[in-house]
Amino acid sequence: MTDKLNELTAAGVAVWLDDLSRVRLSSGGLDQLRREKHVAGVTTNPTIFAKALSDADEYNWQLHDLATRGVEVEESVRMLTTYDVRWACDVMRPSYDASAGVDGRVSIEVDPRLAHESDRTVAEAKALWWLVDRPNLFIKIPATEAGLPAITATLAEGISVNVTLIFGLDRYSAVMEAFLAGLEQAKANGHDLSKIGSVASFFVSRVDSEVDKRLEKVGSDQAKALKGKAAIANAQLAYERYTEVFSSDRWKALADAGAHPQRPLWASTSTKNPDYRDVIYVEELIAPGTVNTMPESVIHAYADHGETRGDTITGAYDAARKVFADLESVGVDMADVIATLEREGVEKFEASWQELLDGVRKSLEAAAKGTGAPNKAAKGNAKAAEKAGGA
């Protein structure tokens with residue numbers, strides 16, 4: 001039987017899981033995905049943690065201890081989430097070692113409420129790095145205007161970074177600039193560049209969701225024919241920029257010093273429209289040196305019926321530019337699409353974070369009162385967070 005995920009990996013795509021929970025860890029499920037489904041990394045976000053903490057009794061002992069010690073809610077969230085991420089880093093360590101530090105990474109996000117505060121983002125990134133204390137950790141920092149200098153400053157400290165919430169091409173170029181500047185500063189600071197990793201998480205399906213909504217409003221046959229094309233074209237043109245930056249003399253100087261490139265990571269790759277093929281954002285975004293982070297359902301779908309047709313990005317650039325020109329011709333303002341998605345992306349994760357805080361607060365209160373399984377109190381909050389958030 002053909003191992004489709006192995007074919008995908010052989011084509012240069014690192015398969016990462018967009019999910020984490022203590023149940024997945026304690027059951028051995030994550031390690032099984034690593035061993036049997038070629039999963040080589042893990043991404044998390046506030047929505048994922050809100051759901052995880054509400055769905056399992058495995059957190060009860062820690063919630064009880066935190067409540068007994070009188071630990072505040074925000075610090076309790078750090079303790080709960082970093083415990084899971086540290087454990088996941090240990091599970092993924094074989095992938096990290098086998099890939100010389102490229103894969104086997106596990107991501108944890110800074111408080112998204114800090115998305116517009118550079119200094120506080122850097123301070124939080126350093127705190128999470130100290131708490132988890134594993135070399136295969138990624139600190140997720142959003143690609144907001146304030147996030148860019150924070151990305152550079154965090155990398156300059158020798159801390160590995162997953163840049164998240166990238167939607168547009170110009171912002172992606174700015175992210176790569178922040179990465180290069182961060183590595184140059186890290187080198188000047190005496191850090192070993194071979195130990196520093198980074199990915200740039202370029203969101204995919206949300207672009208189609210927003211653009212398709214606008215195309216429906218236009219309503220013409222020409223507009224409707226463009227549905228489902230914007231996200232893939234956007235990502236393909238992002239990869240074109242990636243190849244340009246990481247073939248430059250500036251990059252080669254860093255590579256000669258041991259640096260690894262900042263790989264593009266395709267995020268939000270589950271299809272939101274049931275009319276689209278469930279693995280379209282995997283099949284159409286295959287190219288060397290990329291990462292695709294997927295919910296487990298998409299991993300299993302690809303293992304079942306995914307088609308690896310070689311590189312589906314390189315060579316598609318002119319067609320992608322035509323999609324953008326056609327979108328403009330029917331009245332879709334892509335600059336406004338990108339601005340809307342970034343604003344909503346930050347807002348959704350802020351909402352999820354607040355739901356996480358509220359859920360943990362209720363669980364701590366229940367634990368302090370000794371009213372049984374404390375985390376059950378958070379279920380309603382987590383369901384709301386799951387609706388608000390996303391990959």
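Begin by selecting β4 (residues 137-142), a strand in which both faces are covered, with L137, I139 and I141 buried on one side and F138, K140 and P142 buried on the other. As you look, bear in mind that this is a predicted model. Six of the six residues of β4 are buried, so the strand is largely enclosed by the rest of the structure.

β3 and β4 run parallel and are joined by four bridges, and if you pick V106 you will find it standing opposite L137 in β4.

Now widen the view to the whole sheet, where eight strands close into a barrel in the order β1-β2-β3-β4-β5-β6-β7-β8, with parallel pairing. On average, and ignoring direction, neighbouring strands of this sheet are turned by 30 degrees against each other. To see where the ends of that order meet, select β1 (residues 13-17) together with β8 (residues 290-294), which run parallel and are joined by five bridges. In this pair, V15 stands opposite N292 in β8.

From the barrel, move on to the helices.

Two packed helices are described by the angle between their axes and the distance between the axes. Select α17 (residues 334-369) and, with it, α6, and you will see that their axes come within 9 Å and cross at roughly 100 degrees. An angle of 65 to 115 degrees counts as roughly perpendicular, and α6 and α17 are therefore roughly perpendicular to each other. To display the contact, show the side chains of V73, E74, S76, V77 and L80 in α6, which meet W353, L356, L357, V360, R361 and L364 in α17. The residues of this contact between α6 and α17 divide into eight nonpolar, one polar and two charged.

The residues of the contact of α10 with α17 divide into six nonpolar, two polar and six charged.

Is T340 buried or exposed? Select T340, which lies in helix α17, and note that its relative accessibility is 7%, which is why it counts as buried, the cut-off being under 20%. Leaving aside residues up to four places away in sequence, T340 touches E210 and R214.

Finish with two loop residues.

Select H38 in the loop between α3 (29-36) and β2 (39-42). The phi of H38 is near 65 degrees, a positive value in a residue other than glycine, and at 24% relative accessibility H38 counts as partly exposed.

With a relative accessible area of 56%, A100 is exposed.

Conventions
Residues numbered from 1 in each chain as written. Predicted model: local features only at pLDDT ≥ 70, side-chain atom pairs only at ≥ 80, totals over all residues. Heavy atoms only, no water. Buried < 20%, exposed > 50% of the residue type's maximum accessible area, 1.4 Å probe, protein only. Axes fitted to C-alpha atoms, helices over the stretch in contact; angles between N-to-C directions. Parallel < 35°, antiparallel > 145°, perpendicular 65-115°, else oblique. Contact = heavy atoms within 4.5 Å. Nonpolar A, V, L, I, M, F, W, Y, C, P; charged D, E, K, R; others polar. Pairing = 2+ DSSP bridges.
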